[in-house]
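This report describes a structure in terms of its interface, its helices and its charged pairs. The sequence and coordinates are shown first.

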Amino acid sequence: MLKYCAGKNMIIQDQVINKTGIPLLKKLMNVTSASQKLTAANIANVSVPGYQSQSLDFKKEMAEAVGKEKIKLEVTNERHMNPSGGPNAIKIIDDAEETNSSGLNNVDVDKEMANLAENQILYSYGSKMLTRNFNTLKSVIRGKR
Amino acid sequence: MKGIFSIIDMGASGLSAQRKQLNAVAENIANVETTRTPDGTPYKRKRVVFEEDSEKATFVNTFHKAVQSLAKTNIKHIANDPTSSSKEGTVPFVDGEEVVVEPEAFKMVYDPTHPDADENGNVLMPDINIVTEMVDMMTASRAYEANVTVVRSAKQMATVALEI
């Protein structure tokens, strides 16, 4: 019974969910929230001497989700875990800039605040679009206007 | 949600560090003419040193330490070590520590009527420069605002995530 259900879930995942924008939006929200965390760390550590500011490559992370550069694991057995559902490691990179004008560390507060605002908007966008996607699916399932 | 709460924790660590700095500044300005302290010297300036703090006892970190890993009795079992899967440690929180600055010399002010004046009429005053303190105050208060913005943004993100 359990096996049957798992297979069914797989089909729904493959044939329905993965054909919508949901996986991409999921990735978008994951990436923006990870990026938000790094930005928060950079802002919190703005007065720490010698702190190394960190960020992530948004384009690269999203490109992986869109399908470019993606190494996909084959699902040859229904007991295999779905690679798109697994925890996606997001690569954190150290910013290369030298110490900025403060002479303390290389955190650029203006840049970080801009990042913060941008991420917040992208995250809200992801959330709103996800709601719409789910609502579309819901109305298809209900089958009535 | 774990991610968003850790953003709030991060912002909170920044807020607390900057608040310590503001406290130190307030204390310095309040004691700008204090000539009597328990050590018998004029007041000594305090300042806050900021440092990275990766091992902060936040809820998430404490939780990860408390979670028992599942016993691995068969090689086919998937490793479930909660500490290894957690990447919390790579992003440092911040912590501020208040230190007393030993002054090179106290300020000598000529004021013969002062009760603490020496035989030449000079009083030793704390070595506090109001301008430096004001600059420190502005820096701390701007950094505090930036952290407030971070927390507000994290809260807003949590709210929209709940609307899905």
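How much area do chain B and chain A bury between them, and what percentage of it is on carbon and sulfur atoms? The two chains bury about 2,400 Å² between them, with 69% of that area on carbon and sulfur atoms. Buried area here is the accessible area (1.4 Å probe) that two parts lose on being put together, summed over both.

The model is predicted: local features need pLDDT of at least 70, side-chain atom pairs count only at pLDDT 80 or more, and totals for chains, interfaces and linings use all residues. Residues are numbered from 1 along each chain as its sequence is written, chains are lettered from A and ligands numbered from 1 in the order in which they are written, and side-chain values use heavy atoms, with hydrogens and water left out.

## The interface

On the side of chain B, B:Val91, B:Met157 and B:Ile164 lose the most area to chain A, together 22% of what that side buries. Counted by residues, 30 of chain B are in contact with 30 of chain A, contact meaning heavy atoms within 4.5 Å. Five residue pairs, both members at pLDDT 80 or more, are in polar contact between chain B and chain A. A polar contact is a pair of N or O atoms within 3.5 Å; within protein, one must be able to donate a hydrogen and the other to accept it, and residues adjacent in sequence count only if both atoms are side-chain atoms. The count of salt bridges between chain B and chain A is zero; a salt bridge requires a side-chain nitrogen of Lys or Arg within 4 Å of a carboxyl oxygen of Asp or Glu.

Four elements of chain B each supply at least two residues of the side that touches chain A: helix 1 (2-30), strand 1 (46-53), strand 2 (93-100) and helix 4 (130-162). Helices (H or I, at least four residues) and strands (E, at least two) are DSSP runs, numbered from the N terminus. Helix 4 of chain B gives the largest share of this side, 10 residues. By class, the side of chain B that touches chain A divides into 16 nonpolar, nine polar and five charged residues. In this scheme Ala, Val, Leu, Ile, Met, Phe, Trp, Tyr, Cys and Pro count as nonpolar, Asp, Glu, Lys and Arg as charged, and the others, Gly among them, as polar.

## Chain A and its helix 4

Chain A has four helices and two strands, which follow the pattern α-α-β-α-β-α along the sequence. Of its 145 residues, 32% are buried, where buried means under 20% relative accessible area, exposed over 50%, and partly exposed in between (1.4 Å probe, protein chains only). Among contacts in chain A between residues at least 6 apart in sequence, 80% join residues at least 24 apart.

Helix 4 of chain A (residues 109-142) has 34 residues and reaches 49 Å from its first C-alpha to its last, close to the 50 Å expected at 1.5 Å a residue; the expected span is 1.5 Å times one less than the number of residues. After helix 4 of chain A comes A:Gly143, whose phi is positive, near 70 degrees. The buried residues of this helix include A:Leu116, A:Asn119, A:Tyr123 and A:Leu130. A:Ser35, in helix 2 of chain A, is buried at 11% relative accessibility. Leaving aside neighbours within four places in sequence, A:Ser35 is in contact with A:Leu56 and A:Asn119.

## Salt bridges

Over all chains, the structure holds nine salt bridges.

| Pair | N to O distance |
|---|---|
| A:Glu61 and A:Lys27 | 4.0 Å |
| B:Asp95 and B:Lys20 | 3.4 Å |
| B:Arg142 and B:Glu145 | 2.9 Å |

A:Glu61 in helix 3 (residues 58-66) and A:Lys27 in helix 2 (residues 22-44) of chain A are 34 residues apart. A:Glu61 is buried at 4% relative accessibility, and A:Lys27 is buried at 7%. B:Asp95 in strand 2 and B:Lys20 in helix 1 of chain B are 75 residues apart. B:Asp95 is partly exposed at 24%, as is B:Lys20 at 29%.

B:Arg142 and B:Glu145 both lie in helix 4 of chain B, three residues apart, about one turn of the helix. A further network of salt bridges links B:Arg45, B:Glu133 and B:Asp136.
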